[in-house]
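Thanks for coming. I will go through one structure, beginning with the surface and ending with the contact between chains.

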Amino acid sequence: MMAVRLKELPRRRYGQPGNAACPGCPETMGLRYLKMALGDDAVLVVPASCISVIQGIYPRSGINFPILNTVFAAAASTAAGMSAGFRLRGMDNVKVVVYAGDGGTADIGLQAISGAAERNDDILYICVDNEAYMNTGIQRSSATPYGAWTTTTVTGKTEQKKNVPLILISHGVPYVATASVGYPLDFIEKVRKASQIKGFKYIHLLAPCPIGWRFDPSLTAKMAQLAVKTGFFPLYEYYKGKLTISPPSRPFRDPKRRTPLIEYLKLQGRYRHILNDPNALKRIEEYIDEQWRWLNLLESTNGH
Amino acid sequence: MAVKVLTGNHAVAEAVRLSRVKVVSAYPITPQTTIVEKLSEYIEKRVMDAEMIRVESEHSALAAAMGAAAAGVRAFTATSSHGLLYMHEVVWWVAGARIPLVMAVVTRAIGPPWNIHVDHQDIMDQRDTGWIIAMAEDNQEVLDLVIQAFRISEDPRVYLPVMVGLDGFILSHTSAPVDVPDDTEVDSWLPPRRQPYVISPETGLVMGNIAPDEEYFLMRYSMHKAMEKARDVIKKVDIDYGETFGRSYGGLIECFMCNDADYFILLTGSWAGEAKIAAKKAREIGYRIGVARIRFIRPWPREELLELSSRAKGVLVFDRSISFGSTGQLFSDTASTLGIGSTSMIGVIAGLGGVDVTAEDFLSVSLKFIERVEEEGRVYEPVYWHLPERVRDKIVKPVMPLSRGDS
């Protein structure tokens, strides 16, 4: 797999002016990178999510993708059917890609994803994780991290974030990866790699939302990098039974090299109420340790 | 053409095979399962050149069929009862997306309490979704309707999905001789796949993004118009099918002994067979009763019923389902068509949860109604519960007794 180089990427504008995204939206960043990675052979399947809105209003669309919008809980199965349809028409070159939010993935869509993963349906599923139901106005999802304010957890969420990539690794699918909109080249490389693999591929893309996380819209990319630099959101890929920590995350395997967690949290209004609460901060640190413990454990089984 | 002895479910599978469906996605539920089993077998043994997606739920079953159809191939699914309710959201989505598709619905009661036997509550719950809804009387019609359903659904004047209902166990699990056409006959009768659009890199189309309210309104209007146009398409397809295969059923309704009838039994599904026997018996004792069997619940056979009722003294509507607090669904549609005018009407609720309803029941309820009409002049009774006397000794713990006036 060749590393992706910036100057080789297409220069076409993929997100058109006039799309309905908020300022600083990470999901349109992700869509642009996705298009850069896949070119024109991809079809998107989109369940209810911010992307339902961002793509624009009939009879126009602000996104250069053919899209089949579908019901909230069935993105993976809709895509599985499309993939079979193209295969039977001899159009194997068409990549069917789900672009769904964390609610549509970790919560209401989990059953359909599990089904598609177990059947190894030939689709690429991208979960754009903004860590809450942002489209309905910032309600907690199972992917909302501990401590975060949302409109349904006004004193902070009391449970930890659900780890969907690990759930999919346990399904034995050929490719699972995490990515962050703060590291476009890493994401593009992963999309390209995944799109060459037959079967079920999953990429969990962290997408910091300025509206829901309460930060300045100019800071989206920085926030997406801080999540990685603090060790909070490790980037890795799991391919053919082998776990590899991705280059952007490698320095932060060592806790001493990580950016202090508080640098990440203090920029986000959703954590304001716990910044002076040592117990809450400790629980987030524990979550980070737990992430890395899993990764180290999986890595230790490589080659076995 | 060959005569085979087939259950209703296997008649569905044969029709799906003959219709050259490319993607089948389904989830098992009693009494639909043998459709899925047979289709799996056909696909695994390469009797059918198709893919089977063995999904993890009915919600996904219809979603996957929709995805395949949106990519440009003929797709099929089948379900029943709770499965149909579970996929209800996708039922709406497919119709709104105007994606031609066919689904078999093996009609069954809805819990609680659990009950796997026939009634029509499940399919009646889908009336407002924008699907064309057909109901078969026997296994032959099951096969014929499924093949016809693809042609109707894929007709450019229609472009709406079609449900074909067959009664649980009564048809699904009962064997009967069925004329099965040859592959080549169906190939030349059923045109290649047509659909309003395909979502692919070639077309670059987007389906289902947000539409302004007025555009949305007009899309709903267009669905209704397509449903209206479907009336003619259904009738023509029925006639055309008859010319090729020798069987026509009469379009949206099938009329039995209707020409000179004073009273009509109006119903849908397999129990029409029992109603027809009752109509014959009634003749023997001097009453002219006809049976108007609704073959298509949607689009509703408005003109046909108006025509019939203009000559009728009274109409008995038998519903195998109810809208609680209102009436049986066929009754409410009938009443809205005929108007609450001079024609006498009774809405009989019977056969829920598979309670057996025989020719004897149809006859006794009808005679009682006729007697009242002759006596009172005009009868309008929207809800009349009928639980046959002969089954009442089966009741161990009655929740409550029937009211006076119900039978």
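**Surface, fold and contact**

Chain A has an accessible surface of about 11,900 Å², and carbon and sulfur atoms hold 54% of that surface. Such areas come from the Shrake-Rupley method with a 1.4 Å probe, and for residues only the protein chains shown count as cover.

Before going on: this is a predicted model, where local features need pLDDT of at least 70 and side-chain atom pairs pLDDT 80 or more, while totals for chains, interfaces and linings use all residues. Residues are numbered from 1 along each chain as its sequence is written, chains are lettered from A and ligands numbered from 1 in the order written, and side-chain values use heavy atoms, without hydrogens and water.

Now the inside. Of the 304 residues in chain A, 60% are buried, meaning under 20% relative accessible area with a 1.4 Å probe, protein chains only.

The fold of chain A has 11 helices and 8 strands; these are DSSP runs, H or I of at least four residues for helices and E of at least two for strands, numbered from the N terminus. The C-alpha trace of chain A spans about 60 × 50 × 40 Å along its principal axes.

Next, contacts, that is, heavy atoms within 4.5 Å. Counting those in chain A between residues at least 6 apart in sequence, 70% join residues at least 24 apart.

Definitions and conventions
Buried < 20%, exposed > 50% of the residue type's maximum accessible area, 1.4 Å probe, protein only.
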